Amino acid sequence: MTQQTKATEFLTASDVPFSVHHYEYAPGGGLIGMQAASSIGANPACVLKTLVVEVDRTTPVCLVVPADHRVNFKAVAALFGGRNARMMPPEKSAALTGFRSGGTSPFGQANPMPVVLSAAAMAQPTVYINAGDQGLVVSLAPADAQKAVAAEVADISAPPPASKG
């Protein structure tokens, strides 16, 4: 059974090939992207989290980065000629995108905004991106994701430092 969301409807209308995957959504259990990767049996580098940030508190931007990466907010701000970037409050993001927290997708947003896709994601043959609802992702080629939303590809994330020990 395929669940229809604004994101899957957008991808279908854009003739983007994708498949839908469900996972157990547990908001109190830690990083959602890492939960999704574990649940669907995918490498965390292939599971992309979708974050909405504000550059200089005025410009909304959608970031799509590997679940196991940290965002370089200074690099994001620099892309848009700004001084800083920070996470948008969940309520404001939901009102702007039309997706509730944990279900934000770059596809089919109520108010489309610039999308930046982490360059690290482009090396993967297939990526998993939120499909517009909690516990739901789509798998597709990263080039198709980029093209569907005219995303800018940039070096905006990095894996966390290796632990010593």
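Visitor: Which residue stands opposite Thr-59 in strand 3?

Guide: Two strands pair if DSSP finds at least two bridges between them. Strands (E, at least two residues) and helices (H or I, at least four) are DSSP runs, numbered from the N terminus. Here Val-55 stands opposite Thr-59. This is a predicted model, where local features need pLDDT of at least 70 and side-chain atom pairs count only at pLDDT 80 or more, while totals for chains, interfaces and linings use all residues. Residues are numbered from 1 along each chain as its sequence is written, and side-chain values use heavy atoms, with hydrogens and water left out.

Visitor: How many bridges join strand 2 to strand 3, and what links the two?

Guide: There are 8 bridges, and the strands run antiparallel. They form a hairpin with 3 residues between them. In that turn, Asp-56 has a positive phi of about 50°.

Visitor: How does strand 3 pair with strand 6, parallel or antiparallel?

Guide: Parallel, with 3 bridges. Leu-63 has Val-116 of strand 6 as its bridge partner.

Visitor: Is strand 3 largely enclosed or open, and why?

Guide: Buried means under 20% relative accessible area, exposed over 50%, partly exposed in between (1.4 Å probe, protein chains only). In strand 3 (residues 59-66), 6 of the 8 residues are buried, so the strand is largely enclosed by the rest of the structure.

Visitor: Where is empty space left?

Guide: Rolling a probe the size of a water molecule over the atoms shows that. On a 1 Å grid over the protein atoms alone, a cavity is a set of points where a 1.4 Å probe fits but cannot get out. A pocket is an open set with protein on both sides within 12 Å along at least five of seven lines. Lining residues have an atom within 4 Å of a point. The search finds 1 cavity of 30 Å³ or more. The largest cavity has a volume of about 40 Å³.

Visitor: Which residues line the largest cavity?

Guide: Among them are Val-64, Phe-107 and Gln-146. Helix 5 gives the largest share, 3 residues. The lining divides into 9 nonpolar, 1 polar and no charged residues.

Visitor: What volume has the largest pocket, and what lines it?

Guide: Its volume is about 540 Å³. The largest pocket is lined by 30 residues; Ile-32, Lys-49, Thr-50, Leu-51 and Gly-102 lie nearest its centre. Strand 2 gives the most to this lining, with 6 residues.

Notes
Points joined across faces, edges and corners; volume = space filled by probe spheres on them. Nonpolar A, V, L, I, M, F, W, Y, C, P; charged D, E, K, R; others polar.
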